[in-house]
Amino acid sequence: MKYAIELYFDEKTEKRLLDMAQKVADEKISTRFLEYKTRPHITLACFNNVDEEICIEKLKNLQEVIK
């Protein structure tokens with residue numbers, strides 16, 4: 001995967017998610033989330049090939065719609 005469109009959380013929410021993931025790990029339920037070594041996020045799309053200029057323009061348009 002070369003390209004991804006991801007949404008990230010604000011610092012407070014990110015900390016809460018990481019704290020919850022640590023509690024899950026401490027209870028020996030799963031450590032998978034912590035093993036990824038990445039910020040908590042929501043992936044909207046993944047692409048191997050994409051026209052970057054068109055994608056950027058569409059994302060800018062989307063940003064205007066959801067403001």
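A polar contact here is a pair of N or O atoms within 3.5 Å. Keep that cut-off in mind for the first stop; the model on screen is a predicted one.

Select Asp10 and Lys12. At the start of α1, a side-chain oxygen of Asp10 comes to within 3.1 Å of the backbone nitrogen of Lys12.

Now select residues 11-26, which make up helix α1. The helix has 16 residues, and the distance from its first C-alpha to its last is 22 Å, close to the 22 Å expected at 1.5 Å a residue.

Colour Glu14, Ala21 and Ala25 next: these are the buried residues of α1. They lie on the same side of α1, because the arc they cover around the axis is only 45°.

Move on to Lys28, which follows α1. Its phi is positive, near 60°.

The last stop is the cysteines. How many disulfides are there? The count is zero, with 2.5 Å between sulfur atoms as the cut-off. Select Cys46: the nearest cysteine sulfur belongs to Cys55 and is 12 Å away. Cys46 is partly exposed, with a relative accessible area of 47%. Then select Cys55, which is also in no disulfide. Cys55 is buried, at a relative accessible area of 17%.

How values were computed: Residues are numbered from 1 along each chain as its sequence is written. This is a predicted model: local features need pLDDT of at least 70, side-chain atom pairs count only at pLDDT 80 or more; totals for chains, interfaces and linings use all residues. Side-chain values use heavy atoms; hydrogens and water are left out. Helices (H or I, at least four residues) and strands (E, at least two) are DSSP runs, numbered from the N terminus. The expected span of a helix is 1.5 Å times one less than its number of residues. Buried means under 20% relative accessible area, exposed over 50%, partly exposed in between (1.4 Å probe, protein chains only). The arc is that of the directions from the helix axis to the C-beta atoms. A polar contact is a pair of N or O atoms within 3.5 Å; within protein, one must be able to donate a hydrogen and the other to accept it, and residues adjacent in sequence count only if both atoms are side-chain atoms.
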